[in-house]
Amino acid sequence: MKTNIAILGSATTKFGEHWKLSLLDLAHLAADEALQDAELTTEDIDAVFVSNMLSGRLQHQDHLGAAVVAELGIKKPGLKVEGACASGGLAVHTAIQSLLAGTYETVLVIGVEKMTDFEASEISAALMGAGAEEERAAGLTFPGLYALMAKAHMQQYGTTREHMANVAVKNHYHASLNKKAQFPYEVSLEKVLASAKLTDPLTLLDSSPITDGAAALILRKVKQNSPKSNKKTVFITASSVAMDTLRLAERDSFAELAATQVAAKKAFAQAGIEHGDVAIMEVHDCFTIAEIMAMEDLGFCKKGEGGDYILSGETRLGGKRPVNTSGGLKACGHPVGATGVKQIVEIRDQLLGRGGEKQVKGAKVGLTQNVGGIGATVVVHILQL
């Protein structure tokens, strides 16, 4: 059954390094712009859902929901939602459930993260809070875990370094058309392949960056028999969550994210659409191998064909089904708590024809995939005009 949740307003800050802005400043900026977009005020908001992963560790603020509503001057409930790098998607899912239950009528979802004030080693250690204790004890980081998945994919399916590097090339091209991207410039295949090795086979340019940023959505449940508006409205028609083991070692396969497969199947059934209906996607390309696996696990190509699917040009602007027109996590940036919300903002803009230079013509259906950790949590949303 479709959720039929209307997106009334949406916004993102620029992603990148915001040394002069605090975590709360970023949240406030995104919220204000989303309210303006919706032509609403804080008085119209019944609750605020804040997605964030690291505020307790980095900003020493564990009571972020209360902090954000105080910052905004909203005397309504403020709830923090955490699901590692899938915090944004999970917050949207939680907000939708509150609307469907009738608890609230109009809600604000804010995804925010402030990361660049800290050393890369501190961020790496903090992010591994989303991993298993045994993997942390073994010295693994997320680049190492995704490198293991990349190796498995290469050995099992013949995926190459060039396949992965082409994901970065495509997403940097898309980001070059996005003024809010952290890295709004193109990179060559040769530059990606020659960039510094993080952990074999992944290089620096196979990896998403450390980022500050915020994104916001205003959601409302559609009332039956409500009068139709002349204003075009984008609806979230499916919101699905699936889980997998926290430990990579316990998986049946290192070369896939089974939770993506489960969440996608549920989302397509909920929205009542087919794969062929989807015109545009924002997927979780924290590392280039992740986008290749996403194409397969979401069902847009057969297992092992993700690299060739991207090489075909189908996922590039001008192709049949562009993926990560924002630049993705790779080039737009990855403020982890904001990413899942930003993905939905990008799809909404595209469906409304507000994509600017990166507009996908005629797009009416879009999909987002937001991943926590190495796929222990996956959230899939489907949006329709």
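User: Happy to start with overall shape: what radius of gyration does the protein have, against the globule rule?

Analyst: The radius of gyration is taken over C-alpha atoms, and the globule rule is 2.2 Å times the number of residues to the power 0.38. With 385 residues, a compact globule would come out near 21 Å, which agrees with the value for the protein: 19 Å.

User: Before we go on, what kind of model is this, and which cut-offs apply?

Analyst: Residues are numbered from 1 along each chain as its sequence is written, and side-chain values use heavy atoms, with hydrogens and water left out. The model is predicted: local features need pLDDT of at least 70, totals for chains, interfaces and linings use all residues, and side-chain atom pairs count only at pLDDT 80 or more.

User: Thanks! How many helices and strands are there in the protein?

Analyst: Both kinds of element are DSSP runs numbered from the N terminus: helices are H or I with at least four residues, strands are E with at least two. By that rule the protein has 14 helices and eleven strands.

User: Which residues of E10 are buried on the side of Val365?

Analyst: Buried means under 20% relative accessible area, exposed over 50%, and partly exposed in between (1.4 Å probe, protein chains only). Strand E10, residues 365-372, has eight of its eight residues buried. One side holds Gly366, Thr368, Asn370 and Gly372. The other holds Val365, Leu367, Gln369 and Val371.

User: Is Asn324 buried or exposed?

Analyst: Asn324 lies in the loop between helix H12 (306-311) and helix H13 (328-332). Its phi is positive, about 60°, although it is not a glycine. With a relative accessible area of 0%, Asn324 is buried.

User: And Glu39, buried or exposed?

Analyst: Glu39 also has a positive phi of about 60° without being a glycine, and sits in the loop between helix H1 (23-38) and strand E2 (47-51). Its relative accessible area is 68%, so Glu39 is exposed.
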